[in-house]
Amino acid sequence: MTPGDGFISIRNVAKSYGAFRAIESISMEIGKGEFFSLLGASGCGKTTLLRMLAGFEDVSGGEIWIDGQEMSAVPPFRRPVNMVFQNYAIFPHMNVAENVGYGLRKLNLPKTQRREMVEEMLDLVRLAGYGGRKANELSGGQRQRVALARALILKPKVLLLDEPLGALDRQLREQMQVELRRLQRSIGITFVFVTHDQEEALTLSDRIAVMDGGAVLQVGSPADLYERPASRKVAGFIGTMNFLRARVAERANGRAHLDVEALGRLAVPAEATTLAAGSPAWIAIRPERFALSDAPPADGSYAVEASLELTTYLGERCRHVVRLAGHETRIAVSAPNARRHQPASLDLEKPVWLTWSEDAVIVLEEDRT
Amino acid sequence: MSGGSYINRPNRALTAYALVFLTVLYLPVLALPLFSFNESISVRFPLQGFTLQWYVDLWSRDSVLAALWNSVRVGVCVSLLATALGLLAARAITLRRLPGQNAIVAFAMLPLVIPGIIFGVALLILFSRIGVPLSLITVGFGHLVICLPFAVATLLPRFEGFDRSIEEASADLGENGWWTFWRVTFPMVLPGVVASLLLTFTISFDEFIITFFLSGYDATLPIYIWSQLRFPREFPSVLALSTLILAASFILVFTALWIGRIGLARPEEAEARKEGPA
Ligand SMILES: Nc1ncnc2c1ncn2[C@@H]1O[C@H](COP(=O)(O)OP(=O)(O)OP(=O)(O)O)[C@@H](O)[C@H]1O
Ligand SMILES: [Mg+2]
């Protein structure tokens with residue numbers, strides 16, 4: 001998406017608290033109807049960015065445009081966005097139906113219609129019949145759905161969600177993820193979703209912005225971020241990754257050749273890296289892109305000898321740690337249990353062969369820090 | 001609450017101490033109602049038989065009723081004003097946007113520690129200098145000064161235990177500051193407001209020293225009682241009146257404290273309520 005054509009357009013937005021720069025000049029575009037996630041470690045500025053979108057914090061620099069309108073002079077109660085707060089912020093002195101219908105006062109609707117809309121919303125979030133309950137008589141998941149219904153009843157153009165599932169247990173969280181996704185599809189509202197859980201972001205999002213220290217490292221689809229991380233930080237943040245030091249040896253015949261620690265010389269297509277010959281680099285390979293076998297592969301694909309150090313059985317897959325023969329380097333390997341597990345098939349004593357294919361290799365620049 | 005946990009276990013010594021403390025504190029006061037039911041005019045043991053005559057007497061005296069009416073009028077006005085001002089003050093203090101805010105809080109609380117007689121004299125001098133005639137209005141002004149800290153102290157915990165994101169949620173749902181205040185903030189601090197009204201009314205109703213300096217011809221109830229003390233024949237009626245005031249004050253203050261605690265319950269109580277039948 002090019003600058004300026006997003007439904008939400010964040011242009012060079014910065015935020016300082018006194019001398020502390022919480023956000024440094026972020027730009028990104030979020031499309032209409034997109035499920036967009038902000039992903040990053042604690043304290044990286046996700047909430048701050050979201051609160052600037054909602055209008056609770058002024059921007060220190062830059063502009064936020066929503067649906068073709070510049071937002072700096074628009075107070076929170078006039079913005080076409082609604083928010084689901086991290087702690088839900090349910091009104092404690094009102095029951096569920098009053099909470100959900102809170103935003104309807106200004107529409108001056110007849111009472112019956114208002115009640116219908118509330119009922120409809122409660123249906124949508126699967127809380128039909130809970131209208132008379134007090135807020136403190138609800139479970140965490142139910143509160144979260146009340147907060148959701150309360151924000152959605154105004155049919156906002158954008159829904160902001162600040163780690164709405166953070167307080168829920170794993171099972172409920174997964175259930176709510178499915179419901180969120182279903183809701184978002186069925187009503188077609190743009191969601192901006194804050195999370196520090198990379199798995200959650202990958203499951204839910206159309207696109208994800210990975211943030212770190214007040215800056216955006218990379219914006220892309222889950223597959224983009226997983227398969228083509230732009231930097232070592234992103235690669236390390238999303239999923240598990242093996243990193244190995246490397247140096248670009250030469251570029252020739254449309255291929256780039258790299259000398260890699262412990263693995264020897266590898267060739268990748270020239271497009272895989274823009275680094276010039278002689279520059280230091282990292283290569284990154286996902287654990288599941290390796291395979292282990294008892295014997296060297298016959299087809300001459302990449303293989304090195306290694307010894308198995310540790311195997312962890314995880315049900316659907318096994319996680320191995322292997323040490324490359326003659327080196328201290330350890331590699332994480334993840335192998336699906338395609339057949340029923342046979343503990344003896346890989347022996348801790350016997351040498352094994354670690355194989356991978358060319359397209360498993362990701363070449364990354366040395367991080368500038 | 002059953003004291004199931006270590007911290008809630010009953011403590012005998014502490015209970016005994018509390019009983020002794022309360023007895024010493026209130027025993028002298030209890031003499032008032034005791035003698036107000038006594039047939040004899042003189043206050044002395046032994047008691048001489050039970051009567052309600054002094055209470056009945058009260059209703060036939062216009063001056064008592066006039067003083068009562070004065071006290072109620074002043075009390076109502078003062079409690080309303082003090083609570084309204086206290087509401088604004090507590091709000092401003094908790095918004096944390098004021099520079100030098102601790103100094104302001106300390107200043108608002110100052111009347112609590114300044115002796116009433118000093119306040120009374122100071123205000124009397126002030127009013128006579130600027131030529132304001134003494135009346136129930138000057139009395140009300142004096143009461144307002146001493147009631148304000150109580151209003152602020154009652155309301156402040158309400159605002160402080162307040163999650164700011166609740167008000168943000170209201171703004172987010174389209175309500176501006178005015179509506180947010182009336183739909184969210186005010187209902188949530190309402191128990192504090194009621195408590196403050198009752199408390200400040202009681203304080204104004206019972207106030208003597210400042211009233212003594214600032215009242216004109218219209219006496220409030222405490223002033224009336226004081227003026228009657230010169231006449232031994234009136235003493236039993238004064239006792240009866242004092243007993244009534246005592247009872248009313250007790251009820252009001254206890255109601256105020258009880259209401260003020262609604263929703264500020266300790267966590268374990270809230271927990272217990274949640275687990276109870278829904
Ligand atoms: N009002 C404030 N005053 C000063 N610093 C603040 C303020 N609010 C946030 N910060 C700082 O800004 C940075 C970003 O905070 P933010 O709340 O956006 O983090 P976050 O990414 O939401 O983290 P988390 O995942 O823990 O919620 C933090 O370092 C925080 O300390
Ligand atoms: Mg946060």
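**Close-up 1. The right-handed crossing of α3(B) and α6(B).** In this predicted model, helix α3 of chain B covers residues 62-95 and helix α6 of chain B covers residues 136-160. Their crossing is right-handed. The two axes come within 6 Å and cross at roughly 40°, so the helices sit oblique to each other. What kinds of residues make up this contact? Sorted by class, there are 19 nonpolar, six polar and three charged residues where α3(B) touches α6(B).

**Close-up 2. α6(B) again, here with α8(B) as its partner.** Helix α8 of chain B takes in residues 177-206, and its axis comes within 9 Å of the α6(B) axis. The crossing angle is roughly 150°, which means that α6(B) and α8(B) run roughly antiparallel to each other. This crossing, too, is right-handed. On the α6(B) side, look for residues including B:His143, B:Ile146, B:Phe150, B:Leu155 and B:Phe159. From α8(B), the contact residues include B:Met188, B:Val189, B:Pro191, B:Gly192, B:Leu199 and B:Ile203. By class, the α6(B)–α8(B) contact has 13 nonpolar, seven polar and one charged residues.

**Close-up 3. Where chain A meets chain B.** Chain A puts 25 residues into this contact and chain B puts in 19 residues. How much area is buried between the two chains? It comes to about 2000 Å², with carbon and sulfur atoms giving 58% of that area.

**Close-up 4. A salt bridge across the chain A–chain B contact.** The count between chain A and chain B is two salt bridges. The pair in this view is A:Arg105 with B:Glu175, whose closest N and O atoms are 2.6 Å apart.

**Close-up 5. A salt bridge inside chain A, between A:Glu57 and A:Lys15.** Over all chains, the structure holds 25 salt bridges. In this one, the side chains of A:Glu57 and A:Lys15 meet at 3.7 Å, N to O. Where do the two partners lie? A:Glu57 is in the loop between α1 (46-54) and β4 (61-66) of chain A, while A:Lys15 is in strand β1 (residues 8-17), so the pair ties together parts that are 42 residues apart in sequence.

Key: Residues are numbered from 1 along each chain as its sequence is written. Chains are lettered from A and ligands numbered from 1 in the order in which they are written. This is a predicted model: local features need pLDDT of at least 70, side-chain atom pairs count only at pLDDT 80 or more; totals for chains, interfaces and linings use all residues. Side-chain values use heavy atoms; hydrogens and water are left out. Axes are lines fitted to C-alpha atoms, for helices over the stretch in contact, and angles run from 0 to 180 degrees between N-to-C directions. Helices (H or I, at least four residues) and strands (E, at least two) are DSSP runs, numbered from the N terminus. Angles under 35 degrees count as roughly parallel, over 145 as roughly antiparallel, 65 to 115 as roughly perpendicular and the rest as oblique. A crossing is left-handed if the near helix is turned anticlockwise from the far one by less than a right angle, and right-handed if clockwise. Ala, Val, Leu, Ile, Met, Phe, Trp, Tyr, Cys and Pro count as nonpolar, Asp, Glu, Lys and Arg as charged, and the others, Gly among them, as polar. Contact means heavy atoms within 4.5 Å. Buried area is the accessible area (1.4 Å probe) that two parts lose on being put together, summed over both. A salt bridge is a side-chain nitrogen of Lys or Arg within 4 Å of a carboxyl oxygen of Asp or Glu.
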